[in-house]
Amino acid sequence: MIGYTMLGTNNLPDAVAFYDELFSLLNAQRFLETDKFVAWSVDPKQPGFSVTKPYDGQAATVGNGTMIAIAAETPAQVDAFHAKAMELGATDEGAPGPREMPGFYAGYFRDLDGNKLNIFCFIQAA
């Protein structure tokens, strides 16, 4: 149902470098790119993730209550993705681990522009 997500950035080169490294952990690559916008996906026929300079020329701002969740296949991928985000300058919003919903394993962080993201997978409930 979702075609792609888009987050605003105030520093496109830094945002692109941040997401290039993170998405390489999930074998996602850039599939659309202009001087104002870059999008990544594991397959151009699958949903994508993008960052952009705001079209109206105003500063990008963070949406209160807005979060984008990125699917991983294993807890190890969640752990590695969250650790890489921290290494690249993200802010921790919740270390990886099981959550209240049985079988849901996730880590939370804010990117360089303060956007909230989550990396998650489903695991066998104990």
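1. The largest pocket holds about 550 Å³ of space. Of its 21 lining residues, Leu26, Val42, Pro47, Ile70 and Ala71 are the closest to the centre. A pocket here is an open set of points on a 1 Å grid over the protein atoms alone, where a 1.4 Å probe fits, with protein on both sides within 12 Å along at least five of seven lines; lining residues have an atom within 4 Å of a point. The volume is the space filled by probe spheres set on the points.

2. This is a predicted model, in which local features need pLDDT of at least 70 and side-chain atom pairs count only at pLDDT 80 or more, while totals for chains, interfaces and linings use all residues. Residues are numbered from 1 along each chain, and side-chain values use heavy atoms, without hydrogens or water.

3. Strand 5 (68–71) gives the most to the pocket lining, with four residues. Strands 1, 3, 4 and 5 each supply at least two. Strands are DSSP runs of E of at least two residues, and helices are runs of H or I of at least four.

4. Four strands make an open, mixed sheet in the order 1-4-3-2. Strand 1 (4–8) and strand 2 (29–33) are at the edges with a single partner each, so one side of each lacks a neighbour in the sheet. Pairing requires at least two DSSP bridges. Strands 1 and 4 (48–52) run parallel over five bridges, and Leu7 stands opposite Val51 in strand 4.

5. In helix 1 (12–24), the buried residues (under 20% relative accessible area, 1.4 Å probe, protein chains only) include Leu12, Phe18 and Leu22. The buried residues of helix 1 fall within an arc of 165°, taken from directions between the helix axis and the C-beta atoms, so they line one face.

Note on methods
Expected span 1.5 Å × (residues − 1). Buried < 20%, exposed > 50% of the residue type's maximum accessible area, 1.4 Å probe, protein only.
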